[in-house]
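Follow the strands of a sheet in order, then turn to the pocket beside them in the text below.

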Amino acid sequence: MNIGIKGIRRVSVSATVALTAGAVMAGGAFASTAQAATPKPPTIVAKGGFVMNNGTGKTLFTKAADTRRSTGSTTKIMTARVVLAQKGLNLNSKVTIQKAYSDYIVSKGASSARLIVGDKVTVGQLLYGLMLPSGCDAAYALADKFGSGSTRAARVKSFIGKMNSTAKTLGLKNTHFDSFDGIGNGSNYSTPRDLTKLASSAMKYTTFRNVVKTKSTKQKVTTKSGGYRYMSWTNTNKLLGSYSGAIGVKTGSGPAAKYCLVFAATRKGKTVIGTVLTATSESTRTADAKKLMDYGFKK
C-alpha cells in the first residue's frame, strides 16, 4: 500500500515538472513572438533618411535626419508649395515661355520639360512640367511669374525669398534655398526631416497630390501662332506603379546631392512619408525608399 502511495507521489511530481517545463516553453514562444512583432530597423545605403506617419507626425525612422545636405531637384517641392500658397491662385492663368528659360536649361545642362519659346502654358500645366520630368525651365517660368519686381532677376530673387520665408514659417531650421530648382550656388540645402515635413505640408494641397501621383500626362498647350500642340511628360519617380500604395513625391539628383528621393505611400488608411538623401544611384534610392516604407507600415 505504501508502495502505491509513493508511486502516486512520483507521478504527481513528474506531472508537475512536465507542466512547469511546458509553461516555460510556452512562455518562451510567447516572448519570441512578441520580439518578432517588433520590426528591426532597415539598413539603407543613403547617407541620410527619415520616415514619419503622415497622419500623426510620429517619427518612425531616422538616419542622420538633421544633417544638412544638398537636395537636388527635391527643391522643386518648395517651388510648387510657394506657387500653390499664392492668394487667388488661378491654375488656368497662362505664362508665355521666354527664351531665357530655354537658354538657362542649355547653359546648366539641366533637366527639362522641353518647353517651347512663345508657347502659352497654364500655371497648372507648368506644375506638371515641374514635378514629373523635373523641368528646370518650368521652375524658372514659375519663379518669373510669381516673384515680384520690374526685372526677371528681381522676380527670381523675390521668389527664392518666398521659398526661404516659407521654410521659416514651416519651422524648417536646417533648410535654405539659393535657387528655384536645386541647381544651387553652394547654399541650397535641407535635411531628411525638413524635406519630409515640407512634403507633408505640400501634400495638403489637392493640386499637389494630384500632380505628384501622376505617372504620365499629355497636356494641350497654345502655340505662338495661336494653334496648339501636345506636351507629354513622364514622372521620374519609379515608385509609382512599382510600389503598392505609392502616391508621390519627388526625385532629385546632382553632383553634390548624388541621388535623393522624397516618397509617400498609403495603405489601409495609413500614410507614411519620408526622404532619403545622398544615395549612390537611382536604383539604391528606390530600394532604400521601399525598405523604409515597408518598415513604416509595420511600425
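**The sheet and its helix**

Five strands form an open sheet in the order E2-E1-E11-E10-E9, with antiparallel pairing; strands (E, at least two residues) and helices (H or I, at least four) are DSSP runs numbered from the N terminus, and two strands pair if DSSP finds at least two bridges between them. Strand E2 (59-63) and E9 are the edge strands, each pairing on one side only. On average, neighbouring strands of this sheet are turned by 5° against each other, direction ignored. Axes here are lines fitted to C-alpha atoms, for helices over the stretch in contact, and angles run from 0 to 180 degrees between N-to-C directions.

The model is predicted: local features need pLDDT of at least 70, side-chain atom pairs count only at pLDDT 80 or more, and totals for chains, interfaces and linings use all residues. Residues are numbered from 1 along each chain as its sequence is written, and side-chain values use heavy atoms, with hydrogens and water left out.

Strand E1 (residues 48-53) and strand E11 (residues 270-279) run antiparallel and are joined by 6 bridges. Asn53 stands opposite Val272 in E11. Helix H7 (residues 192-202) packs on the sheet, where it touches E1, E2, E9, strand E10 (258-267) and E11; contact means heavy atoms within 4.5 Å. The direction of H7 makes about 140° with that of E11.

**The largest pocket**

The largest pocket holds about 520 Å³ of space. A pocket is an open set of points on a 1 Å grid over the protein atoms alone where a 1.4 Å probe fits, with protein on both sides within 12 Å along at least five of seven lines; lining residues have an atom within 4 Å of a point. The volume is the space filled by probe spheres set on the points, which are joined across faces, edges and corners. Of the 30 lining residues, Gly72, Ser73, Ser253, Gly254 and Pro255 are the closest to the centre of the largest pocket. Edge strand E9 gives the largest share of this lining, 5 residues.
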